[in-house]
Every structure is written in structure tokens, then in C-alpha cells.
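Thanks for taking a look at this one with me. Here are some notes to read alongside the model.

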Amino acid sequence: MRLYRVFDWDGSRLDSHTGGPLYAPRDKQGKSRHDIPHLTGVFYTSLTPLSPLAETIKVFRGQTVTDRFFIIRKEFHKALVSLEVKD
């Protein structure tokens, strides 16, 4: 099964550490309905690439969105990744 997610990429990591596609930022969890930070990290994925992109830009409703909105800090930017998961 192929899943998609948007994450804060450092441009080189491909693992579960900060800047990688499998990193779950537990310090930012706890307020969403599916978060369980006391047990494990959770990140949003979808069967289509459009859904995580829409989740990422929903905070910009009513604004003109430019590339600068997707640079988190100098060393991180938003990226879309596809993940292959065993059924």
C-alpha cells in the first residue's frame, strides 16, 4: 500500500530522525484527536497525495500562498513523500 505525507525535510535525511520522512514530532502532539504522545508519535498520511497537501495549506485560507510559506527554518522545508507500507 502506498501512503503519502507532508513533512519538514532537511534536504538529506531519509529516516525517522528530525528532518526525515518518518520523523514524528512528539513535542507538537497531544491536541489532535489521534495523538497519543505518551505512547508513540503519530503522523498524518493519506492514500492520495492531495490530502496531506490540503492539510498543510489549510491554514493559509484567504491568503496568496508563495514558496516562502513552505520554508520552516533555513534548514527545513515542506516536502511530500510517498511511503510503501506492507498490507
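1. The protein chain exposes about 6600 Å², and carbon and sulfur atoms supply 55% of that area (Shrake-Rupley method, 1.4 Å probe). Of its 87 residues, 22% are buried, meaning under 20% relative accessible area.

2. A word on the source: this is a predicted model, where local features need pLDDT of at least 70, side-chain atom pairs count only at pLDDT 80 or more, and totals for chains, interfaces and linings use all residues. Residues are numbered from 1 along each chain as its sequence is written, and side-chain values use heavy atoms, leaving out hydrogens and water.

3. The three strands form an open sheet in the order β1-β3-β2, with antiparallel pairing (at least two DSSP bridges between two strands). β1 (2-9) and β2 (71-73) are at the edges with a single partner strand each, so one side of each has no neighbour in the sheet.

4. β1 pairs with β3 (residues 76-84) over eight bridges, in the antiparallel sense.

5. Finally, have a look at Met 1, in the segment before β1. Met 1 is partly exposed, with a relative accessible area of 41% (the class between 20% and 50%).

Key. Helix = DSSP H or I, 4+ residues; strand = E, 2+ residues; numbered from the N terminus. Buried < 20%, exposed > 50% of the residue type's maximum accessible area, 1.4 Å probe, protein only.
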